[in-house]
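Subject: Structure handover

Hello,

Here is the structure I promised to pass on. Please open it first, then read my notes below.

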Amino acid sequence: MLLINCPYCEDDRPELEFANAGEAHIHRPKDMADMSDEAFEAMFFIRDNPKGVILERWRHAHGCGRFFNAVRHTVSDKFLKTYMAGEPRPSDDEITELMK
Amino acid sequence: MAKPAIALRHTPTEGHNFANGVVSVSTAAPASRISLRATPLGANSFGKSLGLDLPKKPSGSAAKGGKFALWLGPDEWLIIDEKNQDISLVPKTASTQLSAVDISHRNAAYFISGNGAENTLNAACPRNLSLSEFPVGSATRTIFGKAEVVLYRTQNNTFRMEFWRSFTPYVWGLLLDAARDSNN
Ligand SMILES: [Zn+2]
């Protein structure tokens with residue numbers, strides 16, 4: 001079983017306690033009504049599906065209940081890093097470092 | 001004259017008891033329970049009125065005189081008062097700092113006790129419940145099979161398991177199977 005480190009519980013917890021909640025760091029503009037259809041579509045529907053590193057939201061649904069973000073490798077399923085919601089996206093350099 | 005109808009309240013776990021050489025499962029008595037969501041300020045004031053310092057550390061708990069406060073999340077606690085049945089712990093005055101909901105009758109609970117207690121729980125709970133990882137006084141929300149539960153280790157070999165009362169047939173069935181297997 002996959003163990004996922006919850007930044008709020010400060011501990012590794014079994015994957016069955018967690019729920020994936022889609023791509024992280026999606027910027028949702030305040031003035032959505034003013035967006036072009038194309039820009040809205042890109043923001044609202046279009047998501048990355050990389051073979052490699054992905055930044056995702058996860059929820060510790062059957063634990064502390066908190067949403068947090070994770071850097072996960074989609075091939076190995078390895079969680080390279082988890083961090084609290086609201087913290088900045090890790091830089092590309094940091095992600096490269098995490099993959100070593 | 002019509003006879004007055006009398007509604008009797010039954011706990012869903014009534015009569016559930018099991019024991020073999022290594023593990024026993026028994027029903028916890030009805031208790032008062034509060035689901036508390038609070039800011040740090042609200043948590044402090046609620047703790048004062050309760051006479052307990054609410055735990056701030058993940059998986060922490062505090063206990064005093066039959067009252068328990070279990071850490072469930074950064075702003076969420078499960079408060080249990082074993083002694084005062086049906087006496088509400090809900091604060092008398094409204095506050096923007098906290099939300100305290102009486103869930104006394106939403107939950108039921110079992111005690112799982114004995115040398116086989118860890119094995120019994122681990123039959124359907126993926127958490128590491130060894131004493132070093134989950135020492136006495138630890139509390140956590142987790143899963144038991146498909147049911148969400150709260151586990152609270154009260155002694156080396158004793159766990160209190162809280163769950164929603166409608167899950168009772170499922171939890172009891174699974175627990176019984178696991179308890180029987182833990183004898184092997
Ligand atoms: Zn957590």
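First a definition: a residue is buried under 20% relative accessible area, exposed over 50%, and partly exposed in between, with a 1.4 Å probe and protein chains only. This is a predicted model, in which local features need pLDDT of at least 70 and side-chain atom pairs count only at pLDDT 80 or more, while totals for chains, interfaces and linings use all residues. Residues are numbered from 1 along each chain as its sequence is written, chains are lettered from A and ligands numbered from 1 in the order in which they are written, and side-chain values use heavy atoms, leaving out hydrogens and water.

**Chain A**

Chain A has two helices and six strands. Helices (H or I, at least four residues) and strands (E, at least two) are DSSP runs, numbered from the N terminus. The order from the N terminus is β-β-β-α-β-β-β-α. The C-alpha atoms fill a box of roughly 45 × 30 × 20 Å along the principal axes. Of the 100 residues in chain A, 36% are buried.

Strands count as paired if DSSP finds at least two bridges between them. β3 (residues 19-23) of chain A pairs with β4(A) in the antiparallel sense, over three bridges. β4(A) is also joined to β5(A), again antiparallel, by seven bridges. A:R59 shows both links. It stands opposite A:A19, and its bridge partner in β5(A) is A:F67.

Two residues in loops of chain A deserve a look. A:H25 has a positive phi of about 60° although it is not a glycine. A:H25 sits in the loop between β3 and α1 (37-44) of chain A and is partly exposed, at 35% relative accessibility. A:D77 also has a positive phi, near 65°, and is not a glycine. A:D77 lies in the loop between β5 and β6 (79-84) of chain A. Its relative accessibility is 32%, so it counts as partly exposed. For background, most residues other than glycine have a negative phi.

**The zinc site**

Which residues hold the zinc ion? The protein donors are A:C6 (SG), A:C9 (SG), A:H60 (ND1) and A:C64 (SG), at 2.0 to 2.4 Å. Donors are N, O and S atoms within 2.8 Å of the metal (3.2 Å for Na, K and Ca); water is not among the atoms, so sites may look incomplete. The spacing of the donors along the chain is C-x2-C-x50-H-x3-C. A:C9 is in the loop between β1 (3-6) and β2 (11-14) of chain A, and A:H60 in the loop between β4 (53-59) and β5 (67-73) of chain A, so this pair ties together parts 51 residues apart in sequence. A:C9 is buried, at 5% relative accessible area. A:H60 is buried too, at 0%.

The angles between the four donor atoms are 104 to 115°, so the arrangement is tetrahedral.

**Sheets of chain B**

One open sheet has six strands in the order β1-β2-β8-β11-β10-β9 (chain B), paired antiparallel. β1 (17-19) and β9 (139-144) of chain B are at the edges with a single partner strand each, so one side of each has no neighbour in the sheet. β8 (residues 107-113) and β11 (residues 158-164) of chain B are antiparallel and joined by seven bridges. Within that pair, B:A108 has B:F163 as its bridge partner.

A second open sheet has five strands, in the order β4-β5-β6-β3-β7 (chain B), also antiparallel. Its edge strands are β4 (61-64) and β7 of chain B, each pairing on one side only. Four bridges join β4(B) to β5(B), and B:K64 has B:K67 as its partner there.

**Cores**

A nonpolar core is a set of buried Ala, Val, Leu, Ile, Met, Phe, Trp, Tyr and Cys residues joined through side-chain atoms within 4.5 Å. The largest has 26 residues; B:L36, B:F46, B:L54, B:W77 and B:I79 touch the most other members. Both chains contribute: β1 and β5 of chain A, and β3 (32-38), α1 (40-50), β5 (67-73), β6 (76-81) and β7 (98-102) of chain B, each give two or more residues. Another core of 24 residues lies apart from it, with B:F18, B:F134, B:A147 and B:F163 among them.

Best wishes

Notes. Tetrahedral: all angles 85-135°; square planar, octahedral: opposite > 155°, others 65-115°.
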